[in-house]
Every structure is written in structure tokens, then in C-alpha cells.
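Please read them alongside the model.

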Amino acid sequence: MENRRGRYSLEELKLLKRGAESQIYETYFLGIHAIVKKRISKAYRDPKLDRKINLERTIMEAKLMYNALKSGINVPAILYIDKDNFSIIMEFIEGITVKEVLWKNLYDPKKIGEMIGEIALRLHSSQIAHGDLTTNNLILKENKLFLIDFGLSKRTNDVEDFATDVHVFLRSLESVHPDKKDEVFDGFKLTYSKFKLYEKVMETLKDIRMRGRYVEERRSKSSNRE
Amino acid sequence: MKVLGIESTAHTFGVGIAEDKPPFILANVRDTYVPKSGGMKPGDLARHHATVAPDILAKALEEAKTSIEDIDGIAVALGPGMGPALRIGAVVARALALKYNKKLIPVNHGIGHIEIGYLTTNAKDPLILYLSGGNTIITTFYEGKFRIFGETLDIALGNMMDVFVREVNLAPPYVVNGKHVIDICAENAKDLIDLPYVVKGQDMSFSGLLTAALRATKKYPIPDICYSIRENAFDMLLEATERALALTEKKEIMVVGGVAASVSLRSKLDLLAKDWSVEIKIVPPQFSGDNGAMIAYAGLLALKSGVTIPIEESVVKPRWRIDEVDIPWRN
């Protein structure tokens with residue numbers, strides 16, 4: 001109650017989490033349990049580039065979260081946008097990340113995969129690529145999965161962007177949950193395969209992994225034995 | 001135990017000798033091919049390596065005050081790299097192993113960079129930035145292998161900056177008095193111009209940045225472009241690094257590979273480190289570029305874990321990824 005900041009009232013900001021590009025604070029906004037996602041200026045960035053990146057991403061993030069919500073994906077409700085401070089105030093989701101869920105064996109990996117596939121299906125069907133679809137950006141709350149952090153999202157119709165989402169997701173499984181990768185990804189494909197561009201996405205996924213030195217396949221094709 | 005290591009994956013032919021007790025590195029001799037103009041032609045590279053090999057080998061043994069008979073194994077970087085260059089190193093290594101009846105040890109070039117990093121920086125459990133001309137990789141060791149958290153989806157950061165300065169006739173040479181010419185050029189910049197900034201999760205893409213920067217030369221002063229391309233490229237890398245830090249919660253960042261020598265990258269990393277309360281550990285300059293000592297040292301670790309290869313199986317692997325290599329010595 002004692003803290004009144006700017007034009008909106010926040011009650012006691014408490015730093016909850018340090019993200020890669022933002023600080024997440026816990027607070028109450030007009031009585032609603034909320035978080036403030038505030039993009040941080042980076043000391044290492046040129047100020048002009050810094051401002052451009054932070055402003056563009058704040059606006060884009062809010063827009064795309066709203067679009068995702070409209071297409072039936074659980075996302076935190078947006079309560080306020082303060083673009084001068086690169087801040088979005090949104091509903092607090094009380095749950096745990098899928099990363100922890102998998103680490104602590106709290107849920108069936110295949111089922112989690114199916115739920116994530118469902119989210120990707122809805123997202124891509126509404127022409128949104130998330131841009132950072134990792135197990136760290138999915139929160140489980142009362143058996144419902146919430147997608148957070150739309151900081152790298154974009155509106156797109158490009159199969160390449162959808163395939164990149166799948167690639168980033170697969171990469172997060174490979175690097176953080178190598179033991180559960182297959183189960184989760186099998187579940188993912190089960191639901192995501194309803195996407196009308198599924199075949200093309202999977203083909204492009206293969207391309208991406210070959211192109212950028214993800215070359216298990218490429219090696220056997222080309223001049224390995226020299 | 002002593003291992004002699006041969007590096008010949010790209011422009012450098014190097015021979016190093018490592019021992020399993022301090023000071024660990026007994027010799028590190030190399031010769032780097034510099035084309036008079038343009039890029040490197042693989043054939044010219046191979047000719048250079050074949051020409052300098054006997055001399056470099058002799059100098060390394062002399063520097064280590066040892067004879068080939070006292071060496072326990074011959075390590076060689078079998079990849080990744082340019083085929084014709086790799087083959088010279090492989091031929092020399094096979095010949096030595098055969099003639100002197102030594103164990104042959106296959107070493108992945110990237111693992112060489114990483115292991116010499118551990119040795120010289122004393123990093124314990126770092127997030128690793130492996131940045132060389134041909135590689136832009138964010139990795140960390142986990143359960144027997146180096147796992148890749150992020151990398152370039154197309155060209156490497158170092159290569160991209162080299163190509164840019166070459167195309168605008170600022171290079172070669174690429175490094176003058178220890179500074180990359182893109183940094184020297186950027187010192188005269190007046191303004192940041194708008195160039196693509198592409199981070200996908202923890203991965204990066206630099207080819208669009210290069211294309212746009214080359215196109216921008218028609219409209220903007222070269223120093224402004226040098227500055228802007230460097231800022232965008234490094235900031236993309238640092239953002240991807242921050243994402244990997246958030247995911248892994250590591251407290252050290254170790255930087256290895258040729259680009260580790262960049263002064264402008266170093267100052268950006270220092271700012272990032274302060275912000276995240278992590279330590280930055282950068283491989284010293286004599287071991288940052290390609291060198292034989294890193295192959296010898298990684299080979300030594302491999303040999304102690306029983307990793308050797310029969311000569312007839314020692315084919316070169318131009319596209320050998322670091323995450324395909326089992327690392328038995330780190331468990």
C-alpha cells in the first residue's frame with residue numbers, strides 16, 4: 001500500500017525472478033495478485049539499440065499474449081502496459097515450471113508432451129510463433145498448462161518459424177531433460193500432428209537441424225570419409 | 001605420460017606437447033597461413049601445412065626438450081574442419097604413430113579448445129562460449145557429454161565479421177596489434193544504424209546481418225556499419241548467453257576459441273558478469289587461437305581414459321560435432 005509508483009498503484013514490489021531480459025516482480029495491482037515484467041536496460045548494449053529492442057518487444061509481447069488468449073491458450077491476463085518503462089503487469093500464475101515438473105517426476109512426461117503439443121497447435125493455427133518454447137516457459141497449475149514469456153514471439157505464417165518453435169522445444173528437452181526427451185516429444189507429436197501444416201513443419205525441422213550443423217543426417221549423406 | 005598433439009583443421013598447423021603434471025604444456029609451436037588477398041583456398045592451405053609440418057614438429061620436440069621416443073601417444077584433430085587441411089595433420093599423425101609404434105588418439109578440435117580452457121582458466125563448472133572463426137556455440141558439460149544450449153543457425157560470428165571486413169577491403173590482415181580490424185574501424189563510428197537482430201531461443205542467425213550490413217555500405221559510412229554489425233552480433237550472442245545462464249544457473253562463464261581475444265567482447269562480458277554476479281574466465285591469448293597444445297592436452301586426457309583409434313579407422317571428419325564426443329574423463 002505504501003508504494004505508489006507512476007500512474008498506477010502497485011502494492012509492494014517483490015523481486016521474484018531474474019529472467020534473461022527482464023525482472024519479474026510480484027505485487028498486487030488494484031487488489032489482484034499480479035507480476036510486473038519489466039525489461040531491463042543492458043549495460044553492455046548501445047543505448048539506441050537497447051531502447052529499440054525493449055520497446056518493440058514490450059509492445060509485441062502484449063499484443064501476442066492477447067492473441068494467444070483469444071485462440072484458447074492459457075496465458076496470464078494482461079492488466080496494464082507501461083511502455084515508457086518497458087513494463088507489462090499481468091496476472092500471477094501460481095504453479096511450477098514444466099522444467100521442474102520433469103526434473104522432479106511430478107507428472108506423466110507423455111501427458112505433459114500432449115498438453116504442450118496442444119498449445120503449439122493452437123498457437124501456430126493462430127499464426128503465432130512463440131520464439132522461445134522451452135520447458136522453462138510453461139507453467140503447470142491445477143492440471144492446466146500456462147504459456148508464458150512471449151518476449152520473442154512474432155506473428156507469422158512462415159513454416160520456418162513454426163519449425164523453429166519445435167526445434168527450440170526439442171533442444172530444451174535434449175539439453176535439460178535428455179532422459180525424458182523421447183516420451184515428452186512422442187506426446188507432443190500426438191496432439192501437434194493435428195496442425196494443418198504438420199508435415200511441412202516436421203520436414204523443415206529436419207532441414208533446420210541439418211542446415212545449422214545439426215548434422216547427424218547430413219554427415220552420412222556427404223563426404224564423411226575423406 | 002606425454003602426448004604430442006597435431007592441429008591442422010583450418011589456417012593453422014600446430015604441434016604441442018602435453019604432460020600429465022605441471023606445467024602440463026611443454027611445447028606449443030605453430031604456423032598460420034595468411035592468404036595475400038581474399039579467403040583461404042583449401043588447396044593452398046594443405047600445401048602450406050605440408051610444407052611447414054617437419055619444421056614445426058622438430059621445433060616442438062626441441063621446445064619440450066624431449067625426443068619422439070619419450071612420447072606416449074600421438075593426438076590429432078580429426079575434425080571438424082576443412083578436408084584438405086585435416087588430411088595433412090592426419091597423414092603426419094598416422095606416419096608418426098606407425099613409425100614409432102605409438103598410440104593414435106582422435107581429438108575433436110572443439111573439445112581441444114574447451115579442455116585447454118579448463119586447464120588455463122581453472123574453471124570448475126562453467127557455461128562455455130566456444131567462439132572461433134567457424135564456431136559459435138554455447139555449451140556446458142552434463143552427463144558425459146558437452147551439451148549444446150545454443151549455436152549459430154548459419155554462419156559463425158567470427159567468420160561473419162571476417163567476411164564483412166574482407167568484402168569492404170579492410171582485411172586481410174584481420175587482426176592488427178591484437179585488435180580485430182572491425183574494432184579498429186568501429187572506433188570512428190558516429191551513429192548506430194538499423195541492422196537485423198535475430199535471436200531464436202538460445203540460437204542465433206548471423207547471415208541476414210551480414211547481407212544487410214553489406215547492402216548498407218551504399219548508404220552509410222563504413223565505421224558506422226562496423227560498429228553496428230559488431231554491436232548487433234555481440235549483443236545477440238550475449239542475449240543468448242543470458243538465456244542459457246537463466247536456464248542453467250551457472251556461476252562461471254568460460255570463453256574459448258579465437259574470438260575470445262576480442263577486447264570489445266571482453267568489455268561487454270565484464271558488464272554482463274557484474275549484472276549476473278558470475279565470473280568470466282577467458283582462455284589466455286597463446287591458447288585462444290588454434291594451436292597444437294590444446295590437441296595434445298585433450299589427447300592426454302583421452303589417452304588416460306583409454307581413448308585411442310586404430311590407424312585404419314582414423315578417417316577425418318569435417319563435420320564432427322562436439323556433442324557427439326563421449327568425455328569419459330569428466331565423470
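1. Buried area here is the accessible area (1.4 Å probe) that two parts lose on being put together, summed over both. By that definition, domain 1 of chain B and domain 2 of chain B bury about 1,100 Å² between them, with 64% coming from carbon and sulfur atoms. The model is predicted: local features need pLDDT of at least 70, side-chain atom pairs count only at pLDDT 80 or more, and totals for chains, interfaces and linings use all residues. Residues are numbered from 1 along each chain as its sequence is written, chains are lettered from A, and side-chain values use heavy atoms, without hydrogens and water.

2. In chain B, domain 1 covers 2–113 + 287–324 and domain 2 covers 125–282, with bounds from an automatic or database domain assignment. Each domain of chain B gives 15 residues to the contact (heavy atoms within 4.5 Å).

3. One salt bridge (side-chain nitrogen of Lys or Arg within 4 Å of a carboxyl oxygen of Asp or Glu) crosses the interface between the two domains of chain B.

4. Chain A is split into domain 1 (14–91) and domain 2 (96–219), whose C-alpha centres are 22 Å apart. The contact draws 17 residues from each of these domains.

5. Domain 1 and domain 2 of chain A bury about 1,400 Å², 61% of it on carbon and sulfur atoms. A:L64, A:I73 and A:N74 supply 39% of the area that domain 1 of chain A buries against domain 2 of chain A, more than any other three residues.

6. Between these domains of chain A there is 1 salt bridge. A:K37 and A:D149 form a salt bridge, with their closest N and O atoms 2.9 Å apart.
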